[in-house]
Structures are given as C-alpha cells and as structure tokens.
Amino acid sequence: MNLFDAVKLKEIPEPIISKAEKPVMLSDETMQERKAKLLAKMQSEKLDVTLIYGDLEHGSNFEYLTGFLPRFEEALLVVHKNGTAYLLLGNENLNKAGISRIKAKAVHVPYFSLPNQPMQGERSLIDCFEEAGIQKGMQLGVVGWKMFTSQFNDNTQLFDLPYYIVQALETLVGRKNLMNRCDLFIGAEGIRTINNANELAHYEFGSALASDGMLAAMNMLAAGVSEMELGQCLNRYGQRNSVVTIAAAGERFVKANLYPTDNQVKLGDKISLTVGYKGGLSSRSGYALYDETQLTVPYLDGIAKPYYYAVAAWLENIQLGMSGNAMYQKIEQVLPKHKYHWHLNPGHLCADEEWLSSPIFEGSTASLKSGMLLQIDIIPSVEGLGGASCESGIALADAALRNQLKQEYPALYETFMKRRAYISEVLGIHLHPEVLPMNDTVAYYRPLMLNKKLAFVKE
C-alpha cells in the first residue's frame with residue numbers, strides 16, 4: 001500500500017473560528033524577564049555591552065526589549081552588563097525613548113535620521129557611543145537581525161549592520177573586541193526562542209488573525225473574484241504584516257509584480273494565498289477547481305497528497321526533546337527530497353517575524369523545547385504541477401506551561417483544546433499532549449479550492 005493512500009478528500013465541516021479580536025499585551029513582568037535573560041547571557045559570555053540594531057525591516061531584536069520598531073529610521077539599543085541602557089535615536093524617533101518598555105536614556109544621533117533632515121546637534125558617531133557609556137577595550141556583542149552560519153568564515157566577524165556604524169565601533173573599541181552575537185537572541189539557546197505564557201497569548205492573536213483571514217479568503221474564492229478582493233480579506237484590522245501578502249491566481253510574478261492586482265480568478269487557475277502577522281503565517285495553494293475530474297495534471301497524487309501526508313507526519317511526530325535532525329529525517333523519509341525537491345528547513349521558529357531561525361536541519365543536535373513557536377514550512381516542487389501549501393504554526397508547551405496557560409488564560413486554553421480535538425477527530429491527525437495549535441486552521445487544507453466542502457483527512 002502506498003503511504004499516501006491514507007490521505008483522502010472528504011466532505012468535512014470547516015473549523016469553528018474562535019475569532020481573533022483582542023490583542024494580548026506583553027506585561028511589564030515579561031519585559032523585565034526578557035531583559036534579565038539578556039543580562040544573564042551577557043554575564044555568562046563575558047560581554048560588557050550588547051548593542052542591538054533596529055530599523056523597520058530588521059527591528060525585531062530591538063523591539064523584543066523596547067516594545068517598538070523604529071519606524072523609518074535606524075536605531076540602537078545599548079545595554080550594559082549592569083543593566084544600564086541607552087537608546088540612540090534619530091530625529092523622528094527621539095520622542096520614543098520615553099515609551100520604551102525597559103528604562104533607557106535617550107541619545108540623539110542625527111545620522112539615523114532621513115536624508116536631508118536637519119543635523120542640528122551633530123557630532124561624531126564615536127562621541128554618541130561614548131555618551132552611551134561605550135569605552136575603549138570593552139567587549140561588545142553586536143546584534144543585528146541575522147545570525148550567520150557559514151562553514152568558511154568566522155561568523156562572529158560577519159556584521160549585518162550599516163558599515164558606518166560598524167566602522168565607528170571598530171575605531172572606538174578595536175576589531176578584536178567587536179563580535180556579531182545575534183545568536184544570543186535567536187541561536188539554539190537564544191533568549192527569543194522560548195516564550196512564557198504571556199508571550200504565547202500575545203503571539204496567538206497574530207497567528208489566529210492570519211488564519212481567520214485565510215479562511216475568509218478561501219471561502220470568498222470563486223471565478224471572477226479579483227486578487228485584490230482576496231487580499232482585502234487576508235489583511236485585517238490594520239495590523240502590520242510580517243511578510244508580503246500574496247493573493248495570486250494563474251501565473252505569478254508577471255512583470256516582476258509581487259502584489260495582488262485586478263486579475264480575476266478563472267476556472268483551472270493555480271491559486272496561492274499567504275498572509276502573516278506577529279506570531280505566525282498562514283499559507284494555502286492549490287487549483288481553482290471543484291472536483292478532481294477537472295484536473296488536467298496529476299496534481300493530487302503527484303504532489304498534494306504526499307505533501308499533506310508529510311504535514312500530518314510533522315504534526316504527529318513533533319514533541320519535546322526531539323532533535324532538529326530527527327524531524328528533518330522524518331520529512332526526508334516520507335517526502336524524499338530528491339523526488340519532491342524541497343530544499344529549505346522543514347519547519348522553523350517564529351515570533352515577531354515570520355522566520356526567527358530554525359533548529360530543524362540535517363545533522364541538527366538542537367532539541368525542541370517547551371515555549372517554542374514553530375511553523376510548518378515544507379515547500380515541495382514537482383515540475384508541471386502547481387504548488388501545495390498548508391502552512392500554519394504550533395506551540396510546544398510542557399505540563400507546567402499548559403497549566404499556567406489554563407490558570408492565566410482559561411479561554412485561550414479552551415480554544416487550544418478545541419483545536420486539538422478538531423485536528424484529531426475530524427482530520428485524523430493525533431498530536432502529542434504538548435502540541436498547541438496556534439490557530440483554528442492548522443492542517444485544514446482544501447487543494448481543490450473552489451470546493452468549500454472537500455478537504456484532506458488522514459485515515
């Protein structure tokens with residue numbers, strides 16, 4: 001028997017939507033816990049100062065401690081090993097120092113302002129760093145957004161900050177005292193890889209919001225509906241997206257365009273939908289068809305069913321203590337790379353950004369831990385066939401964390417339990433107790449996307 005014969009298209013009820021309506025704010029206690037985690041890392045790594053860079057596209061490590069993104073300017077958060085902190089800000093973010101979630105003294109740095117803005121108060125960047133307490137000979141850990149994992153370079157000496165910042169720091173403290181330490185935040189033992197109950201509740205809002213928008217767009221999908229109408233369904237409540245929203249019918253990237261247009265869905269089109277917010281992303285792809293007799297290519301057996309079987313295997317096998325390599329090998333076993341041509345990590349961590357880092361890769365000894373937020377992200381590709389995607393996220397929570405969620409967020413805990421029941425009882429996918437679905441549509445997949453009743457189940 002073929003493994004993939006266990007995947008069937010059946011008429012099933014769609015998930016009951018719990019509706020993401022009210023965001024959960026990060027508590028003052030959580031923000032102080034985050035700072036304490038960084039200071040503990042700095043002590044163990046013998047760092048005098050950690051300097052965290054931020055801009056709008058690369059600001060999540062900065063936001064992790066300050067609570068805000070620096071919008072359209074550059075910014076630096078300087079944290080000393082004794083806990084003293086400084087915020088180096090440009091003209092239009094200088095007033096944000098007072099709202100920082102950790103106490104920090106403002107230092108005005110006109111260099112961080114937009115082109116041609118006033119440079120009143122200009123002085124050398126080195127002077128600005130000295131005002132922030134950085135002195136010659138100090139050991140500095142520099143945090144941008146990228147943790148390099150090259151086999152050919154000293155990864156601590158690869159910097160992703162603007163050159164003029166690195167140059168000034170090097171002049172002040174010396175190159176040997178300057179290291180890329182983004183790993184402190186997003187590495188295998190990074191402080192951002194583990195979430196407490198408050199953080200899980202905070203991130204669940206975004207994951208659920210993406211899921212709600214995805215189901216609404218899937219239910220709106222019909223011949224004659226435009227990509228922009230679908231995109232309007234996907235984007236919700238004015239929240240900031242973590243990725244470019246995709247609503248594409250037919251061929252993608254026409255004239256290098258990434259965004260929804262007035263192109264209308266036609267019978268037989270390939271369909272691709274994606275939306276993401278803090279805490280998770282939802283993605284679906286398939287064909288604009290009602291039943292498999294309308295297929296002109298072997299889509300279901302050729303890619304969709306094997307892919308869904310791999311998603312089910314991912315969900316049924318993921319558990320606390322599992323190594324990243326064990327998950328990698330499981331996906332390689334059920335969905336061989338040489339045949340299905342996936343090449344990225346089959347799963348990764350997420351948080352404020354869609355991709356934080358990943359413990360899941362060939363040979364990985366990193367173990368999966370309580371508090372991790374993980375995204376199912378397997379991307380097969382078979383020539384001549386449209387894509388298959390049912391991407392969503394889960395949290396791992398041990399008994400203590402589940403009990404804390406039950407006590408502090410009882411309604412959310414009940415929602416987690418209802419989602420688990422749907423996945424098990426309706427979709428036939430059985431989860432370990434520590435797996436908490438972060439939204440209502442985890443593993444809910446309608447590959448023939450004009451048919452609103454038929455979805456995959458695993459028998």
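Author: Let's start with the open sheet of six strands, in the order β5-β4-β3-β2-β6-β7, where the pairing is mixed. Keep in mind that this is a predicted model. As a bit of background, strands of a sheet pair through backbone hydrogen bonds, either parallel or antiparallel.

Look at the edges of that six-stranded sheet: β5 (105-108) and β7 (178-180) stand there, and each has a single partner strand, so one side of each has no neighbour in the sheet. Going from one strand to the next, the twist averages 25°.

Now zoom in on one pair. Strand β3 (residues 75-80) runs antiparallel to strand β4 (residues 85-89), and five bridges link them.

Another is α4 (residues 163-173), which touches β2, β3, β6 (140-143) and β7; here the angle is about 140°, taken against the direction of β7.

While we're on helices, have a look at α6 (residues 197-220) and α7 (residues 227-234), which pack at an angle of about 150° with their axes 7 Å apart. Because angles over 145 degrees count that way, α6 is roughly antiparallel to α7. The crossing of α6 past α7 is right-handed. On the α6 side, the contact is made by G213, M214, A216, A217 and M220, and on the α7 side by E229, L230, C233 and L234. Sort the residues in this contact of α6 with α7 by class and you get seven nonpolar, one polar and one charged.

Strand β9 (residues 270-277) and β10 run antiparallel, joined by eight bridges, and V275 has S282 of β10 as its bridge partner. The two strands form a hairpin with two residues between them, and G279 in the turn has a positive phi of about 100°. β10 also pairs with strand β13 (residues 389-391), again antiparallel, through three bridges; there, S285 stands opposite S389.

So how covered is β10? Eight of the eight residues in strand β10 (residues 280-287) are buried. In a regular strand the side chains alternate between the two faces of the sheet. In β10 both faces are covered: one has G280, S282, R284 and G286, the other L281, S283, S285 and Y287, and all are buried.

There's also an open sheet of four strands, with antiparallel pairing and the order β11-β12-β14-β15. At its edges are β11 (348-349) and β15, each with a single partner strand, so one side of each lacks a neighbour in the sheet. Inside the order, three bridges join strand β12 (residues 373-375) to strand β14 (residues 393-396), with L374 opposite I394.

Last stop: D440, in the loop between β15 (435-437) and β16 (454-458). D440 counts as buried because its relative accessibility is 7%. Beyond the neighbours within four places in sequence, D440 is in contact with P15, I16, I17, S18, K19, S211, D212, T415 and R419. The C-alpha atoms of D440 and R420 are 9.2 Å apart, with 20 residues separating the two along the chain.

Note on methods
Residues are numbered from 1 along each chain as its sequence is written. This is a predicted model: local features need pLDDT of at least 70, side-chain atom pairs count only at pLDDT 80 or more; totals for chains, interfaces and linings use all residues. Side-chain values use heavy atoms; hydrogens and water are left out. Axes are lines fitted to C-alpha atoms, for helices over the stretch in contact, and angles run from 0 to 180 degrees between N-to-C directions. Angles under 35 degrees count as roughly parallel, over 145 as roughly antiparallel, 65 to 115 as roughly perpendicular and the rest as oblique. A crossing is left-handed if the near helix is turned anticlockwise from the far one by less than a right angle, and right-handed if clockwise. Contact means heavy atoms within 4.5 Å. Ala, Val, Leu, Ile, Met, Phe, Trp, Tyr, Cys and Pro count as nonpolar, Asp, Glu, Lys and Arg as charged, and the others, Gly among them, as polar. Two strands pair if DSSP finds at least two bridges between them. Buried means under 20% relative accessible area, exposed over 50%, partly exposed in between (1.4 Å probe, protein chains only).
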